[in-house]
Amino acid sequence: MGYRDVAKIGIGGPVGSGKTALVRHLVPALVERDYEVGVIANDIMTQEDADVFRESFADTIPEDLVDGVETGACPHTGIREDPSMNLAAIDEFTESHPDLDVVIVESGGDNLAATFNPELADYFLFVISVAEGEDIPRKRGPGVTQADLLIVNKTDLAPYVDADLGVIERDTETVRGGDPFVFTDCKAGTGIEDVLEHIEHEVLFA
Amino acid sequence: MATEPAPFLTALRLSDSFLPTGGYTSSYGLEQYLNEDRIETADELGKIIRGYLERIVGPCETVAVANAYETAAAGDLEGLLAVDERLHAVTMAAEFRESSTKAGRQLSELVLVEDGRRRVGDDGKHRHTVEDGRRRRASEADASESGSGRPLETAYAEAIERGETPGHYPVVFGVVAAQRGLSKREACLAQAYSFVTGVLGATQRLGRFSHTDIQSILAALLPVITDVCDRHVDDEIAAMASFAPLTEIMGMRHERAGRRLFMS
(Lines give C-alpha, C1' and ligand atoms only; values in the text may rest on other atoms or scores of the structure.)
Protein backbone atom coordinates (compact mmCIF):
# COMPACT_ATOMS: atom_id res chain seq x y z
CA MET A 1 0.00 0.00 0.00
CA GLY A 2 1.17 3.48 -0.78
CA TYR A 3 0.23 6.77 -2.37
CA ARG A 4 -0.20 5.07 -5.73
CA ASP A 5 -3.14 3.09 -4.36
CA VAL A 6 -5.45 5.97 -3.47
CA ALA A 7 -7.16 8.68 -5.48
CA LYS A 8 -5.73 12.10 -4.68
CA ILE A 9 -7.49 15.44 -5.06
CA GLY A 10 -5.36 18.60 -4.99
CA ILE A 11 -6.83 21.94 -3.94
CA GLY A 12 -4.75 24.99 -4.85
CA GLY A 13 -5.32 28.71 -5.05
CA PRO A 14 -4.25 32.01 -3.54
CA VAL A 15 -4.19 32.68 0.19
CA GLY A 16 -7.67 33.59 1.43
CA SER A 17 -9.55 32.36 -1.63
CA GLY A 18 -11.49 29.77 0.38
CA LYS A 19 -9.54 26.52 0.01
CA THR A 20 -10.00 25.51 3.63
CA ALA A 21 -13.69 26.43 3.59
CA LEU A 22 -14.13 24.19 0.55
CA VAL A 23 -12.29 21.32 2.25
CA ARG A 24 -14.60 21.68 5.24
CA HIS A 25 -17.59 21.15 2.95
CA LEU A 26 -16.08 18.33 0.89
CA VAL A 27 -14.81 16.07 3.67
CA PRO A 28 -18.13 15.42 5.45
CA ALA A 29 -19.93 15.12 2.10
CA LEU A 30 -17.49 12.44 0.91
CA VAL A 31 -17.63 10.61 4.23
CA GLU A 32 -21.42 10.63 3.98
CA ARG A 33 -21.07 8.92 0.59
CA ASP A 34 -19.10 6.12 2.30
CA TYR A 35 -15.61 7.05 1.19
CA GLU A 36 -12.71 6.83 3.62
CA VAL A 37 -11.03 10.24 3.37
CA GLY A 38 -7.69 11.67 4.50
CA VAL A 39 -6.77 15.37 4.54
CA ILE A 40 -3.34 16.98 4.26
CA ALA A 41 -2.88 20.71 4.73
CA ASN A 42 0.38 22.30 3.62
CA ASP A 43 2.20 25.01 5.55
CA ILE A 44 0.33 24.56 8.79
CA MET A 45 2.33 26.93 10.92
CA THR A 46 2.12 25.47 14.40
CA GLN A 47 0.98 22.34 16.13
CA GLU A 48 -1.88 24.44 17.46
CA ASP A 49 -3.09 25.10 13.90
CA ALA A 50 -2.91 21.39 13.16
CA ASP A 51 -4.99 20.66 16.25
CA VAL A 52 -7.63 23.20 15.21
CA PHE A 53 -7.79 21.49 11.83
CA ARG A 54 -8.17 18.05 13.45
CA GLU A 55 -10.89 19.36 15.73
CA SER A 56 -12.94 20.61 12.81
CA PHE A 57 -13.06 17.05 11.43
CA ALA A 58 -13.27 15.37 14.83
CA ASP A 59 -16.71 13.91 14.18
CA THR A 60 -16.10 12.89 10.57
CA ILE A 61 -12.65 11.30 10.13
CA PRO A 62 -10.05 9.76 12.45
CA GLU A 63 -7.49 12.12 13.93
CA ASP A 64 -4.59 10.33 12.26
CA LEU A 65 -6.07 10.93 8.81
CA VAL A 66 -5.48 14.68 9.19
CA ASP A 67 -1.91 15.86 8.76
CA GLY A 68 0.04 19.05 8.21
CA VAL A 69 3.09 19.22 5.96
CA GLU A 70 5.61 22.05 6.20
CA THR A 71 6.99 23.11 2.84
CA GLY A 72 9.96 25.23 3.90
CA ALA A 73 8.47 28.51 2.68
CA CYS A 74 8.16 26.97 -0.81
CA PRO A 75 4.44 26.21 -1.26
CA HIS A 76 4.76 25.66 -5.02
CA THR A 77 7.68 23.30 -4.71
CA GLY A 78 5.70 21.18 -2.26
CA ILE A 79 2.94 20.47 -4.76
CA ARG A 80 4.82 20.66 -8.05
CA GLU A 81 8.60 20.12 -8.41
CA ASP A 82 9.13 18.10 -5.25
CA PRO A 83 5.94 16.66 -3.73
CA SER A 84 7.93 14.03 -1.82
CA MET A 85 6.94 15.17 1.67
CA ASN A 86 3.24 15.18 0.73
CA LEU A 87 3.59 11.73 -0.83
CA ALA A 88 5.35 10.51 2.33
CA ALA A 89 2.41 11.78 4.41
CA ILE A 90 -0.04 9.91 2.14
CA ASP A 91 2.10 6.77 2.49
CA GLU A 92 1.75 7.07 6.27
CA PHE A 93 -2.04 7.32 5.92
CA THR A 94 -2.18 4.17 3.81
CA GLU A 95 0.02 2.22 6.25
CA SER A 96 -2.46 2.70 9.07
CA HIS A 97 -5.62 2.84 6.93
CA PRO A 98 -5.34 0.25 4.16
CA ASP A 99 -8.92 0.89 3.01
CA LEU A 100 -8.36 4.59 2.41
CA ASP A 101 -10.11 5.72 -0.78
CA VAL A 102 -9.25 9.35 -1.31
CA VAL A 103 -6.86 11.97 0.03
CA ILE A 104 -7.43 15.71 -0.25
CA VAL A 105 -4.20 17.73 -0.42
CA GLU A 106 -4.72 21.41 0.29
CA SER A 107 -1.82 23.56 -0.85
CA GLY A 108 -0.46 26.31 1.30
CA GLY A 109 -1.56 29.38 -0.62
CA ASP A 110 -0.20 30.01 -4.09
CA ASN A 111 0.01 32.58 -6.81
CA LEU A 112 -1.83 31.98 -10.06
CA ALA A 113 1.09 30.02 -11.55
CA ALA A 114 0.78 27.05 -9.18
CA THR A 115 -0.22 23.67 -10.58
CA PHE A 116 -0.20 20.18 -9.05
CA ASN A 117 2.30 17.48 -9.92
CA PRO A 118 0.24 14.73 -11.61
CA GLU A 119 1.82 12.13 -9.31
CA LEU A 120 0.50 14.04 -6.28
CA ALA A 121 -3.00 14.86 -7.58
CA ASP A 122 -5.10 12.78 -9.94
CA TYR A 123 -7.52 15.67 -10.09
CA PHE A 124 -6.89 19.25 -9.08
CA LEU A 125 -9.16 22.13 -8.19
CA PHE A 126 -8.00 25.71 -8.23
CA VAL A 127 -9.91 28.17 -6.04
CA ILE A 128 -9.98 31.90 -6.73
CA SER A 129 -12.06 34.58 -5.06
CA VAL A 130 -13.96 37.40 -6.71
CA ALA A 131 -12.61 39.64 -3.93
CA GLU A 132 -9.10 39.24 -5.36
CA GLY A 133 -10.17 41.26 -8.37
CA GLU A 134 -12.41 40.93 -11.37
CA ASP A 135 -9.37 40.49 -13.64
CA ILE A 136 -8.00 37.27 -12.05
CA PRO A 137 -9.36 34.86 -14.70
CA ARG A 138 -8.10 36.83 -17.68
CA LYS A 139 -4.52 36.84 -16.34
CA ARG A 140 -4.52 33.23 -17.59
CA GLY A 141 -2.37 31.85 -14.77
CA PRO A 142 -1.49 28.17 -15.24
CA GLY A 143 -3.45 27.31 -12.09
CA VAL A 144 -6.57 28.91 -13.56
CA THR A 145 -6.19 27.46 -17.04
CA GLN A 146 -4.83 23.96 -16.26
CA ALA A 147 -6.91 22.97 -13.22
CA ASP A 148 -9.34 20.12 -13.81
CA LEU A 149 -11.99 22.27 -12.14
CA LEU A 150 -11.84 26.01 -11.45
CA ILE A 151 -13.79 27.33 -8.46
CA VAL A 152 -14.72 31.02 -8.40
CA ASN A 153 -15.56 31.57 -4.74
CA LYS A 154 -17.01 34.37 -2.59
CA THR A 155 -19.55 35.40 -5.22
CA ASP A 156 -21.49 37.04 -2.39
CA LEU A 157 -18.74 39.66 -2.05
CA ALA A 158 -18.92 40.85 -5.67
CA PRO A 159 -21.03 43.97 -4.99
CA TYR A 160 -18.70 45.09 -2.19
CA VAL A 161 -15.50 44.95 -4.24
CA ASP A 162 -16.87 46.35 -7.54
CA ALA A 163 -16.52 42.99 -9.25
CA ASP A 164 -18.92 42.23 -12.09
CA LEU A 165 -19.85 38.53 -11.99
CA GLY A 166 -20.91 38.72 -15.64
CA VAL A 167 -17.43 39.88 -16.67
CA ILE A 168 -15.82 37.17 -14.54
CA GLU A 169 -18.03 34.51 -16.08
CA ARG A 170 -17.33 35.66 -19.64
CA ASP A 171 -13.54 35.84 -19.04
CA THR A 172 -13.54 32.48 -17.28
CA GLU A 173 -15.34 30.82 -20.16
CA THR A 174 -12.77 32.22 -22.56
CA VAL A 175 -9.64 31.21 -20.63
CA ARG A 176 -10.98 27.79 -19.65
CA GLY A 177 -11.63 26.89 -23.27
CA GLY A 178 -14.58 24.63 -22.49
CA ASP A 179 -13.12 23.12 -19.31
CA PRO A 180 -15.44 23.22 -16.29
CA PHE A 181 -15.74 25.90 -13.63
CA VAL A 182 -18.18 26.48 -10.78
CA PHE A 183 -19.24 29.67 -8.98
CA THR A 184 -19.46 29.13 -5.22
CA ASP A 185 -20.21 30.91 -2.01
CA CYS A 186 -18.60 28.51 0.44
CA LYS A 187 -19.87 30.46 3.42
CA ALA A 188 -23.50 29.85 2.43
CA GLY A 189 -22.78 26.49 0.81
CA THR A 190 -23.90 27.66 -2.65
CA GLY A 191 -22.42 25.67 -5.53
CA ILE A 192 -20.91 22.96 -3.35
CA GLU A 193 -23.22 20.29 -4.79
CA ASP A 194 -21.95 21.15 -8.28
CA VAL A 195 -18.36 20.74 -7.12
CA LEU A 196 -19.19 17.38 -5.56
CA GLU A 197 -20.86 16.21 -8.75
CA HIS A 198 -17.70 16.97 -10.74
CA ILE A 199 -15.54 15.15 -8.20
CA GLU A 200 -17.80 12.12 -8.08
CA HIS A 201 -17.95 11.89 -11.84
CA GLU A 202 -14.25 12.49 -12.52
CA VAL A 203 -12.46 10.90 -9.57
CA LEU A 204 -14.76 8.54 -7.78
CA PHE A 205 -16.63 6.71 -10.53
CA ALA A 206 -14.43 7.40 -13.56
CA MET B 1 38.33 14.81 -8.63
CA ALA B 2 35.96 13.07 -11.00
CA THR B 3 37.12 13.13 -14.56
CA GLU B 4 34.70 10.57 -15.93
CA PRO B 5 31.51 12.26 -17.11
CA ALA B 6 29.02 9.76 -15.62
CA PRO B 7 30.16 9.94 -11.98
CA PHE B 8 30.74 13.68 -12.28
CA LEU B 9 27.20 14.22 -13.53
CA THR B 10 25.85 11.90 -10.82
CA ALA B 11 27.66 14.01 -8.22
CA LEU B 12 26.03 17.13 -9.67
CA ARG B 13 22.62 15.45 -9.71
CA LEU B 14 22.93 14.31 -6.09
CA SER B 15 24.04 17.72 -4.80
CA ASP B 16 21.53 19.75 -6.80
CA SER B 17 18.49 21.20 -5.01
CA PHE B 18 16.58 20.03 -8.11
CA LEU B 19 16.78 16.48 -6.71
CA PRO B 20 13.26 15.96 -5.34
CA THR B 21 13.96 14.49 -1.91
CA GLY B 22 12.24 17.16 0.16
CA GLY B 23 15.45 18.82 1.35
CA TYR B 24 13.83 22.25 1.06
CA THR B 25 11.57 21.41 4.03
CA SER B 26 14.53 21.01 6.44
CA SER B 27 16.36 23.78 8.24
CA TYR B 28 18.06 21.57 10.87
CA GLY B 29 17.36 24.04 13.65
CA LEU B 30 18.13 27.22 11.70
CA GLU B 31 14.47 28.26 11.71
CA GLN B 32 14.62 28.22 15.50
CA TYR B 33 17.90 30.19 15.57
CA LEU B 34 16.06 32.84 13.55
CA ASN B 35 12.86 32.57 15.62
CA GLU B 36 14.98 33.41 18.68
CA ASP B 37 16.86 36.24 16.93
CA ARG B 38 20.18 34.48 17.39
CA ILE B 39 21.41 35.26 13.87
CA GLU B 40 21.51 38.89 12.84
CA THR B 41 24.36 39.21 10.34
CA ALA B 42 25.80 37.26 7.45
CA ASP B 43 29.00 36.88 9.44
CA GLU B 44 27.13 35.19 12.31
CA LEU B 45 25.34 32.94 9.84
CA GLY B 46 28.64 31.85 8.29
CA LYS B 47 30.05 31.00 11.72
CA ILE B 48 27.01 28.95 12.67
CA ILE B 49 27.09 26.94 9.45
CA ARG B 50 30.80 26.39 9.97
CA GLY B 51 29.85 24.94 13.35
CA TYR B 52 27.39 22.56 11.67
CA LEU B 53 30.18 21.40 9.35
CA GLU B 54 32.73 20.86 12.10
CA ARG B 55 30.41 19.36 14.71
CA ILE B 56 27.72 17.50 12.78
CA VAL B 57 28.38 17.17 9.04
CA GLY B 58 32.01 16.12 9.46
CA PRO B 59 32.09 13.85 12.52
CA CYS B 60 28.60 12.44 11.98
CA GLU B 61 27.27 12.58 8.42
CA THR B 62 30.59 12.31 6.57
CA VAL B 63 31.47 9.26 8.65
CA ALA B 64 28.08 7.81 7.74
CA VAL B 65 28.51 8.53 4.01
CA ALA B 66 32.03 7.09 4.01
CA ASN B 67 31.14 3.92 5.90
CA ALA B 68 27.95 3.39 3.90
CA TYR B 69 30.09 3.74 0.80
CA GLU B 70 32.63 1.18 2.04
CA THR B 71 30.09 -1.38 3.16
CA ALA B 72 28.02 -0.99 -0.02
CA ALA B 73 31.10 -1.37 -2.20
CA ALA B 74 31.96 -4.55 -0.27
CA GLY B 75 28.41 -5.88 -0.61
CA ASP B 76 28.12 -5.99 3.19
CA LEU B 77 24.42 -5.44 3.97
CA GLU B 78 24.83 -6.11 7.71
CA GLY B 79 27.61 -3.54 7.89
CA LEU B 80 25.47 -1.05 6.00
CA LEU B 81 22.55 -1.51 8.39
CA ALA B 82 24.94 -0.95 11.29
CA VAL B 83 25.94 2.43 9.81
CA ASP B 84 22.28 3.40 9.54
CA GLU B 85 21.61 2.30 13.11
CA ARG B 86 24.60 4.19 14.47
CA LEU B 87 23.66 7.41 12.68
CA HIS B 88 20.14 7.10 14.09
CA ALA B 89 21.55 6.66 17.59
CA VAL B 90 23.86 9.67 17.46
CA THR B 91 21.37 12.11 15.89
CA MET B 92 19.88 13.70 18.96
CA ALA B 93 17.01 15.98 17.87
CA ALA B 94 13.92 14.01 16.80
CA GLU B 95 13.19 16.38 13.93
CA PHE B 96 16.74 16.00 12.59
CA ARG B 97 16.16 12.24 12.49
CA GLU B 98 12.79 12.75 10.83
CA SER B 99 14.15 15.10 8.15
CA SER B 100 17.04 12.77 7.40
CA THR B 101 15.02 9.56 7.22
CA LYS B 102 12.21 11.10 5.14
CA ALA B 103 14.71 12.46 2.62
CA GLY B 104 16.60 9.16 2.72
CA ARG B 105 13.48 7.19 1.90
CA GLN B 106 12.77 9.50 -1.02
CA LEU B 107 16.31 9.15 -2.36
CA SER B 108 16.05 5.40 -1.98
CA GLU B 109 12.74 5.30 -3.87
CA LEU B 110 13.94 7.68 -6.55
CA VAL B 111 17.36 6.27 -7.23
CA LEU B 112 17.89 2.85 -5.63
CA VAL B 113 14.78 1.29 -7.09
CA GLU B 114 14.16 3.60 -10.03
CA ASP B 115 15.19 1.04 -12.64
CA GLY B 116 12.90 -1.67 -11.40
CA ARG B 117 9.84 0.04 -10.02
CA ARG B 118 6.78 0.33 -12.16
CA ARG B 119 6.30 4.00 -12.90
CA VAL B 120 3.05 5.80 -12.23
CA GLY B 121 1.06 5.98 -15.42
CA ASP B 122 2.58 2.83 -16.90
CA ASP B 123 -0.90 1.45 -17.19
CA GLY B 124 -1.51 4.17 -19.77
CA LYS B 125 -3.95 5.98 -17.52
CA HIS B 126 -3.17 9.38 -16.12
CA ARG B 127 -5.95 9.79 -13.62
CA HIS B 128 -6.33 7.17 -10.92
CA THR B 129 -9.70 6.86 -9.27
CA VAL B 130 -11.04 5.37 -6.10
CA GLU B 131 -12.07 2.30 -8.11
CA ASP B 132 -8.51 1.88 -9.46
CA GLY B 133 -7.17 1.90 -5.93
CA ARG B 134 -9.68 -0.69 -4.78
CA ARG B 135 -8.89 -2.92 -7.76
CA ARG B 136 -5.15 -2.64 -7.22
CA ARG B 137 -5.47 -3.54 -3.57
CA ALA B 138 -7.61 -6.52 -4.47
CA SER B 139 -5.10 -7.80 -7.03
CA GLU B 140 -2.04 -6.92 -4.97
CA ALA B 141 -0.49 -5.35 -8.03
CA ASP B 142 2.55 -4.22 -6.09
CA ALA B 143 3.74 -7.77 -5.65
CA SER B 144 4.90 -7.81 -9.27
CA GLU B 145 7.37 -4.98 -8.76
CA SER B 146 10.95 -6.04 -9.24
CA GLY B 147 14.26 -4.74 -7.94
CA SER B 148 16.92 -2.60 -9.57
CA GLY B 149 19.28 -5.36 -10.66
CA ARG B 150 21.74 -4.29 -7.96
CA PRO B 151 21.17 -6.85 -5.18
CA LEU B 152 22.59 -4.86 -2.26
CA GLU B 153 20.72 -1.68 -3.23
CA THR B 154 17.50 -3.62 -3.62
CA ALA B 155 17.93 -5.39 -0.30
CA TYR B 156 18.69 -2.11 1.47
CA ALA B 157 15.79 -0.28 -0.22
CA GLU B 158 13.44 -3.10 0.78
CA ALA B 159 14.70 -2.98 4.38
CA ILE B 160 13.89 0.75 4.41
CA GLU B 161 10.46 0.18 2.92
CA ARG B 162 9.65 -2.50 5.50
CA GLY B 163 10.76 -0.18 8.30
CA GLU B 164 13.58 -2.48 9.37
CA THR B 165 16.22 0.24 9.06
CA PRO B 166 15.76 4.00 9.34
CA GLY B 167 17.19 4.88 5.89
CA HIS B 168 19.11 8.03 6.77
CA TYR B 169 19.93 10.36 3.92
CA PRO B 170 23.75 10.24 4.24
CA VAL B 171 23.62 6.44 4.31
CA VAL B 172 21.47 6.16 1.18
CA PHE B 173 23.68 8.82 -0.40
CA GLY B 174 26.81 6.74 0.28
CA VAL B 175 25.19 3.64 -1.23
CA VAL B 176 24.11 5.49 -4.37
CA ALA B 177 27.54 7.07 -4.79
CA ALA B 178 29.40 3.79 -4.30
CA GLN B 179 27.48 2.03 -7.03
CA ARG B 180 27.69 4.86 -9.53
CA GLY B 181 31.41 5.41 -9.77
CA LEU B 182 32.05 8.35 -7.43
CA SER B 183 35.08 8.06 -5.17
CA LYS B 184 34.45 7.91 -1.42
CA ARG B 185 35.91 11.39 -0.98
CA GLU B 186 33.75 12.79 -3.78
CA ALA B 187 30.68 11.25 -2.16
CA CYS B 188 31.51 12.96 1.16
CA LEU B 189 32.22 16.30 -0.53
CA ALA B 190 29.00 16.19 -2.56
CA GLN B 191 26.87 15.34 0.49
CA ALA B 192 28.46 18.03 2.67
CA TYR B 193 28.05 20.60 -0.10
CA SER B 194 24.37 19.78 -0.54
CA PHE B 195 23.83 20.07 3.22
CA VAL B 196 25.39 23.55 3.21
CA THR B 197 23.40 24.84 0.23
CA GLY B 198 20.25 23.34 1.75
CA VAL B 199 20.55 25.17 5.06
CA LEU B 200 21.80 28.38 3.42
CA GLY B 201 18.73 28.34 1.17
CA ALA B 202 16.48 27.77 4.18
CA THR B 203 18.07 30.73 5.95
CA GLN B 204 17.66 32.96 2.94
CA ARG B 205 13.95 32.16 2.76
CA LEU B 206 13.44 32.75 6.48
CA GLY B 207 15.66 35.73 7.21
CA ARG B 208 16.77 38.77 5.31
CA PHE B 209 20.05 37.81 3.71
CA SER B 210 21.03 38.93 0.23
CA HIS B 211 21.97 36.51 -2.51
CA THR B 212 25.49 37.99 -2.65
CA ASP B 213 25.95 37.52 1.10
CA ILE B 214 24.77 33.92 0.82
CA GLN B 215 27.19 33.23 -2.03
CA SER B 216 30.06 34.84 -0.11
CA ILE B 217 29.34 32.57 2.85
CA LEU B 218 29.20 29.54 0.55
CA ALA B 219 32.50 30.47 -1.11
CA ALA B 220 34.16 30.94 2.27
CA LEU B 221 32.87 27.56 3.44
CA LEU B 222 34.16 25.55 0.46
CA PRO B 223 37.62 25.04 2.01
CA VAL B 224 35.94 24.14 5.32
CA ILE B 225 33.90 21.47 3.51
CA THR B 226 37.13 20.05 2.09
CA ASP B 227 38.84 20.12 5.50
CA VAL B 228 36.08 18.38 7.41
CA CYS B 229 35.64 15.73 4.72
CA ASP B 230 39.38 15.00 4.65
CA ARG B 231 39.45 14.85 8.43
CA HIS B 232 36.62 12.31 8.70
CA VAL B 233 36.56 10.37 5.42
CA ASP B 234 38.51 7.46 6.93
CA ASP B 235 36.90 7.42 10.40
CA GLU B 236 35.53 4.11 11.70
CA ILE B 237 31.81 3.67 12.43
CA ALA B 238 32.52 3.76 16.18
CA ALA B 239 33.92 7.30 15.84
CA MET B 240 30.60 8.62 14.52
CA ALA B 241 29.31 11.25 16.95
CA SER B 242 28.07 14.82 16.98
CA PHE B 243 28.66 17.54 19.54
CA ALA B 244 26.57 20.63 18.83
CA PRO B 245 24.53 21.31 21.98
CA LEU B 246 23.07 24.69 21.01
CA THR B 247 22.03 23.46 17.56
CA GLU B 248 20.49 20.35 19.08
CA ILE B 249 18.59 22.47 21.61
CA MET B 250 17.35 24.67 18.75
CA GLY B 251 16.25 21.52 16.94
CA MET B 252 14.31 20.34 19.99
CA ARG B 253 12.71 23.71 20.76
CA HIS B 254 11.55 23.89 17.16
CA GLU B 255 9.14 21.02 17.87
CA ARG B 256 6.98 23.47 19.84
CA ALA B 257 7.86 26.66 18.00
CA GLY B 258 5.40 29.50 17.61
CA ARG B 259 6.32 29.71 13.95
CA ARG B 260 7.31 26.75 11.84
CA LEU B 261 7.54 26.74 8.08
CA PHE B 262 10.07 23.90 8.11
CA MET B 263 9.86 20.29 9.21
CA SER B 264 13.05 20.70 11.28
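How many residues does the contact take from chain B and from chain A? It takes 27 from chain B and 29 from chain A. Residues are in contact if their C-beta atoms, placed from the backbone, lie within 7 Å.

The model is predicted: local features need pLDDT of at least 70, side-chain atom pairs count only at pLDDT 80 or more, and totals for chains, interfaces and linings use all residues. Residues are numbered from 1 along each chain as its sequence is written, while chains are lettered from A and ligands numbered from 1 in the order in which they are written.

**View 1. The side of chain B that touches chain A.** Three elements of chain B give two or more residues to this side: helix H5 (94-112), helix H6 (130-139) and helix H9 (184-206). H6(B) gives the largest share, four residues. By class, this side has nine nonpolar, nine polar and nine charged residues. Ala, Val, Leu, Ile, Met, Phe, Trp, Tyr, Cys and Pro count as nonpolar; Asp, Glu, Lys and Arg as charged; the others, Gly among them, as polar. Helices (H or I, at least four residues) and strands (E, at least two) are DSSP runs, numbered from the N terminus.

View 2. Helix H3 (residues 42-73) of chain B has 32 residues. Its end C-alpha atoms are only 40 Å apart, short of the 46 Å that a straight helix would reach at 1.5 Å a residue. That expected span is 1.5 Å times one less than the number of residues. H3(B) bends by about 55° at Val57(B). The bend is the angle between axes fitted to the seven residues ending there and the seven starting there. Pro59(B) follows within four residues. After H3(B) comes Gly75(B), with a positive phi near 70°.

**View 3. The largest nonpolar core.** This core holds 129 residues. Its members are buried Ala, Val, Leu, Ile, Met, Phe, Trp, Tyr and Cys residues joined through C-beta atoms within 7 Å. Buried means 20 or more other C-beta atoms within 10 Å of a residue's own, placed from the backbone. Ile9(A), Ile104(A), Ile49(B), Val175(B) and Ala192(B) touch the most other members. H3(B) supplies the largest share, 15 residues.

**View 4. Around Ile104(A).** Leaving aside neighbours within four places in sequence, Ile104(A) is in contact with Ile9(A), Ile11(A), Val23(A), Leu26(A), Val27(A), Val37(A) and Val39(A). Buried residues make up 50% of the 206 residues in chain A.

How values were computed: Buried ≥ 20, exposed ≤ 12 C-beta atoms within 10 Å, placed from the backbone. Contact = placed C-beta atoms within 7 Å.
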